[in-house]
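Welcome, and please open your viewer. This tour goes stop by stop, telling you what to select and what you will find there.

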2 protein chains.
Amino acid sequence: MIHRRKFLKQAGIGAAAVAAAATGFTQLNLQKKKERLGVALVGLGYYSTDLLAPALQLTKNCYLAGIVTGSPEKAERWQKKHNLSSKNIYNYENFDRIADNPDIDVVYVVLPPALHREFTVRAANAGKHVWCEKPMALTAAECEAMIQACAGNKVKLAIGYRMQHEPNTREIIGYGRDKTFGKVKLISVAAGYFDGRTDHWKQKRSMGGGAMFDMGVYSLNAARYVTGEEPLAVLAQEMTTRPEIYTQADETTLFQLEFPSGALANCATSLGMNMNYLHVTAEEGWYRLEPFQAYSGIQGATSKGTTLNLKIPNQQAKQMDDDALAILNNTALLVPGEEGWRDIKVVEAIHRSATEGKRVLIG
Amino acid sequence: MIHRRKFLKQAGIGAAAVAAAATGFTQLNLQKKKERLGVALVGLGYYSTDLLAPALQLTKNCYLAGIVTGSPEKAERWQKKHNLSSKNIYNYENFDRIADNPDIDVVYVVLPPALHREFTVRAANAGKHVWCEKPMALTAAECEAMIQACAGNKVKLAIGYRMQHEPNTREIIGYGRDKTFGKVKLISVAAGYFDGRTDHWKQKRSMGGGAMFDMGVYSLNAARYVTGEEPLAVLAQEMTTRPEIYTQADETTLFQLEFPSGALANCATSLGMNMNYLHVTAEEGWYRLEPFQAYSGIQGATSKGTTLNLKIPNQQAKQMDDDALAILNNTALLVPGEEGWRDIKVVEAIHRSATEGKRVLIG
């Protein structure tokens, strides 16, 4: 078995790849086919360091193969800690040379949102599959450019909405899809934390900061996955209790969504308070998760008396394994680029509604 | 003891009345002083029949002494069932003669909201204390007329917000007042039920129908009692999925409130869905009630692990006994007319915001 695996790995080919080739999988992708995908993390901040790197120790379908960082100090530290090959370490200038590195199959963009478009496009142009953290980008136009770059290069693009991979969340997505409690009528959802920082990029809207980009997309994404619909209109307000800090970005945003079925959502997000709940009113009952967005401990209840507390070892590992498997098998991603793009279209409408002080139709 | 009570009752005077007289309680009220107050219900619909009349069998400080109804058939049925004296039965025309009836101390107005002002003023002019169901009236001006009529006649005016008397609700009001979880930051609250009726007064705004007047005042009142503050501004929308029924009144209203401390509220109300929860985000934790507005079974939880499930035998009995005792002792009512008036001022702003499609400051 070891020999067979070794052979397949050296040949750059696996059973799944053969199957994929038979169904028309491209030569480009075929050449890259492996049993486990090599992932390069771009941007080594808190989320890469404390969440993704440890998760990549647990994944079955992918592993940490490289890093991209602007900090030589971080490069050295990560190389030692994760036993990375020198040739798999890039900085932002030489990053495009990753095209020639067969160890790297996936580039995971974990940079501030203002840099998502650039690095997604560069990674796609280098022939690498892309995983991109939320929010996908600052504008819908940027999202479209990212989707086009990936499609044009025949690579997959997944957005890091890990909650959609989480089992309790899958359960309530199923309730909506199967109408377990009848039609969804109203969603109340709130995602936020108290951010004591005053000069981080999360306080700068031009960098993709502010509550709506950071935590608001969780509220918005939840309203969308609970209903399974795209909102038609939004009415939003931005507020702050710390105007000296939130001069550009929103500290708090409240927004109301209207869906085609008549379902409504009352949503909140903030960098000024800790809040984390999702409550769904349906025709024949209710269900809730609290917290609905956390690195662990997602739990909830329903009007039928069900307790929701399915557990998985690691959310990020689940997300990356799901996405790696979809690439290996050339099947549909659970959360493709289009999913991030749909959210950002709504975020644009939310910003416009808050600016204009009135209801905005979502194009 | 029986002899003493009997004497005091015959003399129309009790220990509390003596104390009240010593502190300047009016001669008019002094003459009415009893150990238990006689209550006349005005309007014998579902709420009087199924909730208030049974509750008045349980009250200690008041009892059902009379009725006011436009239906001779109901008058006869109630007289038999509750063993009422013929002289304590009024219709809407001869109602003002209640002024001469010493059996009646309190008139409880349980009519559709459009009639609250008229019957409150008539009851006050008859020298009777008034309990008035929510919503207090259709406009703030009507509320002011009611408050003035009661003040001018030196009678008390209580609004039937029974939840403020409910012990789990009192508990969370205490959390806000005592800052048990720090400052209140965000309230999510939703109150609604599916109303299958199509031509009831609850579907007519001119009668005080619509979700906001009916159930929305529970959401609004909760946002106010949780914060202990008056909102400064509101942004609201009205929606319907049954436009053929909700031609005038709102089927569903979503509204966002801003409070002076910076606290915010995301509120919902509807006659198109069953929903009933109150979730409070505070600086140092959260607490919730679900249901927060029901005739029984109010329960909840907090981020400290507390379970809230204090029980009382009957909410309406508690409310009426509290209010009767405040009248007997001439102490402050828990929910005076001003409390209903403050809500209706906000309801007016909500209607205006929904009509104008923009944020409205609350005067």
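Helices here are DSSP runs of H or I with at least four residues, strands are E runs of at least two, and both are numbered from the N terminus. With that in hand, select A:Lys179, which sits in the loop between helix H8 (167-178) and strand E7 (184-194) of chain A. A:Lys179 is not a glycine, yet its phi is positive, at about 55°. Keep in mind as you look that this is a predicted model.

**How confident is the prediction?**

Colour chain A by pLDDT. The average for chain A is 92, and 91% of its residues score at least 70. Now select residues 1-27 of chain A, where the pLDDT is below 50. Leaving aside near neighbours in sequence, this stretch makes 23 contacts in the model. For the model, the scores are ipTM 0.87 and pTM 0.89.

**Two cis peptide bonds in chain A**

Go to A:Pro135, in the loop that links strand E5 (129-132) to helix H7 (140-152) of chain A. The peptide bond between A:Lys134 and A:Pro135 is cis, with omega about -10°.

**A parallel sheet in chain A**

Next, show chain A as a cartoon and look for an open sheet of six strands. Reading across it, the order is E3-E2-E1-E4-E5-E6, and the pairing is parallel. At the edges you will find strand E3 (89-90) and strand E6 (157-159) of chain A, each of which pairs on one side only.

Then zoom in on strand E1 (residues 37-42) and strand E4 (residues 106-109) of chain A. These two run parallel and are joined by four bridges. To see one facing pair, select A:Val39 and, in E4(A), A:Val106: they stand opposite each other.

**A mixed sheet in chain B**

Switch to chain B. An open sheet of nine strands is found here, in the order E14-E13-E12-E11-E7-E10-E9-E8-E15, and its pairing is mixed. Strand E14 (307-308) and strand E15 (360-361) of chain B are the edge strands, pairing on one side only.

How many bridges join E8(B) and E15(B)? There are two, and the strands pair in the antiparallel sense. Select B:Ala233 to find one end of a bridge; its partner in E15(B) is B:Leu361.

**A salt bridge within a helix**

Stay in chain B and select helix H6 (residues 116-125). B:Glu118 and B:Arg122 both lie in this helix, four residues apart, or about one turn. The side chains of B:Glu118 and B:Arg122 meet in a salt bridge (2.7 Å, N to O). Over all chains, a search of the whole structure finds 42 salt bridges.

**Where the chains meet**

Finally, display both chains together. In this interface, 34 residues of chain B are in contact with 34 residues of chain A. The area buried between them is about 2,800 Å², and carbon and sulfur atoms give 55% of it. On the chain B side, select B:Gln237, B:Gln256 and B:Tyr277: these lose the most area to chain A, together 19% of what that side buries.

Between chain B and chain A the count is two salt bridges. One to select is the pair B:Glu290 and A:Arg288, whose side chains meet at 2.3 Å, N to O.

Which strand of chain B gives the most to the side that touches chain A? E11(B) does, with seven residues. By type, the residues on that side divide into 15 nonpolar, twelve polar and seven charged.

Key
Residues numbered from 1 in each chain as written. Chains lettered and ligands numbered in written order. Predicted model: local features only at pLDDT ≥ 70, side-chain atom pairs only at ≥ 80, totals over all residues. Heavy atoms only, no water. Pairing = 2+ DSSP bridges. pLDDT = per-residue confidence, 0-100. Contact = heavy atoms within 4.5 Å. Buried area = accessible area lost by both parts, 1.4 Å probe. Salt bridge = Lys/Arg side-chain N within 4 Å of Asp/Glu carboxyl O. Nonpolar A, V, L, I, M, F, W, Y, C, P; charged D, E, K, R; others polar.
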